[in-house]
Amino acid sequence: MSYKLSFWENIFSVVNDNMYKQVCILGFKFRFLNKKRFEEANIYKNLPIQNNKIVFYTLNGSYTCNPKYISEEILKQKLPYDLVWVVDKHILKYLKDFPENIRLVMKDSPEDYIECSTAKIWVSHRRGVEYVKKGFFKRKGQVYIQTWHGSLGIKKTGEASSTKDKEFVKHCRQDAAQFDYMVSNGRYTTNFFKQTFYNCGKILEYGHPRNDIFFKDEHDIKEKVYSILNIPLDKKVVLYAPTFRVKSDISHYDIDFKKVISAMNKKFNHDYVFVLRLHPKFVDLKYQVLQKDVEGLIVDATDYSDMQELLVASDVVITDYSSCIYDFMLSYKPGFIFATDIKNYDNTRGLYYPLTSTPFPVAENNDEMVKNIENFDYEKYKKEVKEFLDGKGCIDDGHASKRVVKLIKSIIETPDKVEETIEEIVKKRFLVQSLPAVSAQEWINTIFRNNLLICAANL
């Protein structure tokens, strides 16, 4: 465990950390398995795996990134799969983003563990550390496809990061050990996966599904984003999307919006509007940034669920260390770096390669930012973007989603073995001869809500 105890806590304390309970007496620490939490997470493991069920996970449960574009390709092909999305309370107001064909379950609820325990395939773009901490692991016969949420990223992560925590790293390794497949968009990302995710299963260079969007007509997407964010059609968009800091520090987001917009308008001979998109971990801090906007120059898009749609609708992107700009570069539109804490960030988090080795002009203050805009050479930039992508071995071509769905079809169409149906399991475990006139899944959920499955586990 990673808790730092106070003097009195060292005398006596009890700390719960999901699956474990730590008791400290006179400085001596003892760890015990939290049997209740373990049982809550694993009580559903005796239910049968449903061969056509796929469960999707994203960073905050929103309908976004690689899982979104994989699910959309499944729906487009009209495949007879049961699609389930794990959501959390923060995105309840965005439920309209989800297609009707996708069922939703609340994260860390009994239904969450039911669906995860009975799905044939897990599709995620994030670590599953919180599940591992509860002792919840993939079952034999299930397939875990990890798509990750960064392409050609510069930020160090996992054990490579300077901010690593031993307990966190251990859980990351346990999670990665479950991966059957990782989806890469080229040579650099493949090597990154090998170095970062340890024993991470088979790496497939399919391209990243979320980047298929850059190879399609952007008109409809741009129209959608402009409409939702109420951006005038005669304006162009500068997207400012800085990444998060470990200590919830936004002091480095001190970009001079007025100066930068003025420089953009002059350089590119058009009227621009600033669109702000903070990292999902910083959603609650957006008002601290917005209160600096006394001129009313900023459109807040922090709550916009799909970052890729924002990127497609943008004409320019400014960030610091976010991997979003490495997706955006596929459009060959101008990108800039505004990072006032490069040395400190490199020391605390760590960078895989220098920002100066990218095609993006780098500024550490507002004066440098304005100069970089004034001196921007678009033809030189496009050439450097191509060289950068070629140098990293990027293979994104607009067909990644189809490749992943082809993999999913092959997994589902060649099951390991014939398993009992849900109806058979329900009848056996609950000693009933027939089911009510509702689906078996509905009947089971009713049972769980009435806490009867705990009794069934002991039959």
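Good morning. The protein contains 19 helices and 16 strands; helices (H or I, at least four residues) and strands (E, at least two) are DSSP runs, numbered from the N terminus. This is a predicted model, in which local features need pLDDT of at least 70 and side-chain atom pairs count only at pLDDT 80 or more, while totals for chains, interfaces and linings use all residues. Residues are numbered from 1 along each chain as its sequence is written, and side-chain values use heavy atoms, with hydrogens and water left out.

I begin with the overall figures. Of the 459 residues in the protein, 54% are buried; buried means under 20% relative accessible area, exposed means over 50%, and partly exposed lies in between (1.4 Å probe, protein chains only). The accessible surface comes to about 22,100 Å², and carbon and sulfur atoms account for 52% of that surface. These areas come from the Shrake-Rupley method with a 1.4 Å probe, and for residues only the protein chains shown count as cover. Among contacts (heavy atoms within 4.5 Å) between residues at least 6 apart in sequence, 67% join residues at least 24 apart.

Let us turn to the interior. In soluble globular proteins, nonpolar side chains tend to be buried together. A nonpolar core here is a set of buried Ala, Val, Leu, Ile, Met, Phe, Trp, Tyr and Cys residues joined through side-chain atoms within 4.5 Å. The largest such core has 68 residues, and those touching the most other members are L229, Y240, M264, F274, I318 and Y326. A second, separate core has 27 residues, including L79, Y81, Y94 and I408.

Which residues does I318 contact, leaving aside its neighbours within four places in sequence? Among them are V238, Y240, M264, F274, F338 and M369.

I318 also leads us to a sheet. Strand 14 (residues 316-319) pairs with strand 11 (residues 236-240) in the parallel sense over three bridges, and Y240 stands opposite I318 in strand 14. Two strands pair if DSSP finds at least two bridges between them. The open sheet has six strands in the order 13-12-11-14-15-16, with parallel pairing. Strand 13 (298-300) and strand 16 (362-363) stand at the edges with a single partner strand each, so one side of each is left without a neighbour in the sheet.

Next, a link across the sequence. G153 lies in the loop between strand 8 (143-146) and helix 6 (166-176). G153 and S322 are 169 residues apart in sequence, yet their C-alpha atoms are 7.4 Å apart in space. Not counting residues up to four places away in sequence, G153 touches Y188, S323, Y352 and Y353.

Helix 1 gives the largest share of the patch, three residues. F28, in strand 3, is exposed, with a relative accessible area of 57%.

Finally, a backbone detail. K78, in the loop between helix 3 (65-76) and strand 5 (82-87), has a phi near 55°, a positive value in a residue other than glycine. K78 is exposed, at 75% relative accessible area.
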